[in-house]
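Please look through the sequence and the model before reading on. The report below takes up the chain, its ligand and some individual residues in turn.

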Amino acid sequence: MRIAMAASEAAPFSKTGGLGDVMQALPEALSQIPGNTVYVFLPYYSRVKYDARFECEFVTSFAINLVWRKSHVGLFRLKSRRKKLQIYFIDNEQYFCRDGAYGYGDDGERFAYFSKAVLSCMNYLDYRPDILQCNDWQTALIPTLLKSEFRSCFPDTKCVFTIHNIEYQGWADMNFNADVLGLDGSWMETLRYGEAINFMKSAIMSADAVSTVSETYARELQYPYFSHGMSEVLKLRADDFYGITNGIDTTVFDPASSPHLPAHYTAATMVEGKAKNKAALQKELGLDVDPNVPLYAIVSRLAGHKGVDLLQYICDSFMAKDAQLAIIGTGEARYEHGLTALAKKYPGKMVVRLAFDPALADRVYAGADAYLMPSKSEPCGLSQLIAMHYGTIPVVHATGGLNDTVKAYDAGTGEGCGFRFERYNGEDFLDAVTASMELYFDDRAAWDKLAARDMALDVSWNAPAQKYMEMFWKVIG
Ligand code: GLC
């Protein structure tokens, strides 16, 4: 199958969150399946363009029109890749040579440009994929562009739109089509949501199939509580709506080989290996170096839906117990300040690092005993998968992908892989944390057994990639 994938980020080039991890691993996994060729299209951000690690070759350049604008498109290809997996970068300094990836006033225009440029480049390359897979709002205009302006270039290409997080939809004012996109007026109904243009809504309407990143999230999105206004639109596509739970790249996230870890380990050497990582981590973070106090960790964007408010709510009760807490992340100022203030009260026991640092994150996954994920909603969540793969026991709110991937530990049978709470409130969260602590202190052998079993779970992309293929084949018909 010929596959093209478009996204606004992919590790190791650029990553602000889970989308970047998925876009590193999923194309790779799909390209490993016999008969598949995968082309990935990404923006050529300055941090990629001027990073010597990423050697690219120039392919072509031309101009595209965004109504009255004539915009430069440079096409670059990453050197020395396997033929089956080609990474292309779209270069436009005006749009992509900035400090960050998103959060600018003209983001709508930037990613409308990107969407059009991706299709124009595929056309230039004469690459006519069977499936074009797009991700989140930044590439959400592609399905509509494919069906309209670009239909004649790609008469047989089917389009799949994947929702990684429905909270970010890509809104623009009603002028956007006339000013930037320039599609004929008959497309306004597809683009319009209320009195505005909504990129994601248009993708849900135009794509041949829509998917999201876990089965539970796919069900949850039928309800207004989770869908941020999209439940009615999604219901229209119920027959073509898929939930496929993400995996992780187990070659990137591997406690037996990660270059970031002070000590490597496998399931067989987990107890000693984790003890070494824990001592080093406690030292690095300025926590009391103590092997017998459970170290809980969070590595997360500090955003509302990640459940930071619940964490703040239980923090004093939590810290009254014999436990340590490490929080790594950046995000909303109210959480950065709130958590930092809390940590000041508990020197040696609680630490907050306001950083987005994948290497430190790796050391945290390896050195912590347990991993907290009280997310209010979580489309899939990758951290709980990484944590389990590192033998770090998750404590989660049973929502979205957390519900699908963290089965409740049953002390009687010893089955399950972590601790969970069903209703989103602080008391239930604290109960789940307390239950995990009881296991840690009362039966360390059972705790270690649970951690070793978590390490043995298959959280790779092998099974999910097959499910993507099944979906693609169905869409192709
Ligand atoms: C988003 C979601 C997260 C998901 C990731 C990759 O970041 O919030 O739950 O795991 O995308 O699909």
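## Basis of the report

This is a predicted model, in which local features need pLDDT of at least 70 and side-chain atom pairs count only at pLDDT 80 or more, while totals for chains, interfaces and linings use all residues. Residues are numbered from 1 along each chain as its sequence is written, and side-chain values use heavy atoms, with hydrogens and water left out.

## The chain as a whole

The secondary structure comes to 20 helices and 18 strands, where helices (H or I, at least four residues) and strands (E, at least two) are DSSP runs numbered from the N terminus. Of the 477 residues in the chain, 60% are buried, a term that means under 20% relative accessible area, whereas exposed means over 50% and partly exposed lies in between (1.4 Å probe, protein chains only).

The C-alpha atoms fill a box of roughly 65 × 45 × 40 Å, taken along the principal axes.

## The ligand and its surroundings

The ligand lies between domain 1 (2-247 + 462-476) and domain 2 (270-456), because both domains give residues to the shell around it; the domain bounds come from an automatic or database domain assignment. Among the residues around the ligand are H164, N246, E378 and C380, where being near a molecule means having a heavy atom within 4 Å of it.

A polar side-chain atom of E378 lies 2.5 Å from a ligand oxygen atom, a polar side-chain atom of N246 lies 2.8 Å from a ligand oxygen atom, and a polar backbone atom of C380 is 3.0 Å from a ligand oxygen atom. The protein covers 93% of the 310 Å² of accessible area that the ligand has on its own, with areas taken from the Shrake-Rupley method with a 1.4 Å probe.

## Backbone details in loops

Most residues other than glycine have a negative phi, and most peptide bonds are trans. A cis peptide bond, with omega about 0°, joins A11 and P12, and P12 lies in the loop between strand 1 (2-6) and helix 1 (18-31).

D136, in the loop between strand 6 (131-135) and helix 5 (142-147), has a positive phi near 60° and counts as buried because its relative accessibility is 9%. H228, in the loop between helix 10 (224-227) and helix 11 (231-236), has a positive phi near 45° and is partly exposed, with a relative accessible area of 40%.

Key
Polar contact = N/O pair within 3.5 Å; in protein donor to acceptor, adjacent residues only side chain to side chain.
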